[in-house]
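Take a look at the structure below. The text walks through the contact between chains, then the folds and a few residues.

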Amino acid sequence: MWRYVLRRLIESAVTLVLVTIVVFIGVRALPGDPARALAAEESDPETIAAIRAEYGLDQPIPVQYVRYVGKAVQGDLGTSARTRLSVTETIGHALPVTLQLATFAIVVAVLIGVGAGVVAAVRRRTASEWVANSVALLGLSIPNFWFGLMAVLIFAVAYPILPASGFVSVFDNPVESFRHLLMPAIVLGSGLAAVIMRQTRSAMLEALSADYVRTARAKGLGGTQVVLGHALRNSLIVVTTIVGLQLGLLISGAVVTEQIFVLPGFGKLTIDAVFTRDYPMIQGVVLVTATAYIGINLLVDLLYSVIDPRIRVGGRVT
Amino acid sequence: MTLELVPVKETGPAAPAPPGSRRRALRRVLRNPLAALGLVIVVVALLAAALANLVTPFPYDRTDFSAALQPPSPAHWFGTDELGRDQFSRVIFGLRASVEVGVMSVALSLVVGVPLGLLAGFYGWLDPVVSRLTDTLLAFPFLVLAVGLAAIVGPSLTIATIAIAAAQIPAVVRVTRSETLHLREMDYVAAAIADGASDAVLLGRHILPNAVNALIVQATVAVPAAIIGESVLSFLGLGVRPPTPSLGIMLASAQPLFRDGPWLVVFPGVAIVLLTLAMNLVGDGLRDALDPREVRR
């Protein structure tokens, strides 16, 4: 077990180092002089030279890289070229918005996905299975930004029952927060719900034909008890993994969802940084996203190996 | 929305396909009514996109301010936008951009991913190297990757294609790698080795052809995902640049015109959904037809 954990930790660390190198070189490859971008209006050569020295831009690339990583480890990601605010702080303000949105979306996705998946598996060859399957297929085929636009069109423009944009923190006003986040969360969670539904359905079908379910039935347990207590419990292992693996989908989805519903979150920060060519900010958001992503993957893998011992015994799942 | 691609299956049956099985598979797909319907829609859409110049009633960039923001009518089936451009013509040309990016990016991901997967599955010592590389790629959520590339090189159709391909490479590598791992252990491969076959012959003649089914299934999921990816990138302003119509761009420019022209939001979206839905139906049908385990069920 510990050997497996150690190996995954080392693998993740290697990936993380590769990511920082890619991010660093990527931003250095950007056209234009970062010092000039930082200097903004005042573009006399002396100021630019001063800025270049201040940020260490006159040093060789490897030296700059080590400096950057050294500071990043201490939580200093530099200063935004546009707002002059600390990148770390700006990200700190945006992150809670995205986290609240993502949490809400996951809840929505799990409720819909698991519910529909169970129904589709238990009521095979009925109208309910057909409906659940069709909705899942639609969920996979509808781009969530269009789903978002249509939702705004229907529920905010044609029948104004929900706000079309804006963010209210759940800690300030839970009711308003719910109203503001309901549409974005459903939009963001819809794709995930479809994936969860399909996985739940196939895991349930497998579980329902397993020997232990037959044994449970033979012992005289009722249908609901068998479905929920035995089959679903074992299917949830798969679902947990899927949710973990799909968190990246959620990060990408959040960018689009925040753009449509004008939520001041991490995704909007990313897009704004690109369009204003705010290089320190781009570097920061990409680094944070990648780190979070690697961390989540590591966690999912470790969790999975705890749940299913075959993985660490067999080494790698192939 | 399926941007992040998970491999459709990592553990395949990987039994060598008997000759002629693919044609039988196609016939089985056509017997499945939903898949057949999907195939018809896909073919019609592809034809319309390919012959866009012939089937559209107006040039996609012709403005007509006397007919600006008109709802759908016999003259303009999908209405007109704020510049009086015919939306039907623009949707057809937008389809062309979407299909181009979708097919090109998947082709690119196969060109890069298949050799990597073959090598990683065949030569054990290469496996950790390739796996780290794909992990690094996977560490960037698709959009962040695209955003980064667009920031470096500037947004364009080519960049969108490369970004989408890059996002799909890890899934292709994984599928190819796991198929190779399975096939390598097959008796007929051992027989070929005993017969003195070189590594190139083993990979090219014995392993790759039998991994094709899994790759076809992967591609049927990847193309619609790439098409959605393109529309998302264009919607965010990171893909096709105006005035070239793309379904994503049409939706982006429709967003401020919600109240005055709701049809501007509806039609391009319906086009994307119909196309990807049809492709997913064909893909599901193909998967059932190509997977021997499904058939026995």
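In this predicted model, the contact draws 39 residues from chain B and 41 residues from chain A. On the side of chain B that touches chain A, the elements giving two or more residues are α5 (127-138), α6 (142-153), α7 (157-184), α9 (199-235) and α11 (262-290) of chain B. Sorted by class, that side of chain B holds 26 nonpolar, nine polar and four charged residues.

Now take chain B as a whole. Chain B has twelve helices and zero strands. Its pattern along the sequence reads α-α-α-α-α-α-α-α-α-α-α-α. Chain B has 297 residues, and 51% of them count as buried. Consider the contacts in chain B with a separation of 6 or more: 73% of these come from residues 24 or more positions apart.

One loop residue is worth a stop. B:Ser73 sits in the loop between α3 (52-55) and α4 (87-122) of chain B. Is B:Ser73 buried or exposed? B:Ser73 has 11 other C-beta atoms within 10 Å, so B:Ser73 is exposed; the cut-off for exposed is 12 or fewer. B:Ser73 and B:Gly237 are 164 residues apart along the chain, and their C-alpha atoms are separated by 30 Å.

Finally, turn to helix α7 of chain A. This helix covers residues 144-158, which is 15 residues. At 1.5 Å a residue, helix α7 of chain A should span 21 Å. Buried residues in α7(A) include A:Asn144, A:Phe145, A:Trp146, A:Phe147 and A:Gly148. A:Leu149, A:Ala151, A:Val152 and A:Leu153 are buried too.

Key:
Residues are numbered from 1 along each chain as its sequence is written. Chains are lettered from A and ligands numbered from 1 in the order in which they are written. This is a predicted model: local features need pLDDT of at least 70, side-chain atom pairs count only at pLDDT 80 or more; totals for chains, interfaces and linings use all residues. Helices (H or I, at least four residues) and strands (E, at least two) are DSSP runs, numbered from the N terminus. The expected span of a helix is 1.5 Å times one less than its number of residues. A residue is buried if 20 or more other C-beta atoms lie within 10 Å of its own, exposed if 12 or fewer, and partly exposed in between; C-beta atoms are placed from the backbone. Two residues are in contact if their C-beta atoms, placed from the backbone, lie within 7 Å. Ala, Val, Leu, Ile, Met, Phe, Trp, Tyr, Cys and Pro count as nonpolar, Asp, Glu, Lys and Arg as charged, and the others, Gly among them, as polar.
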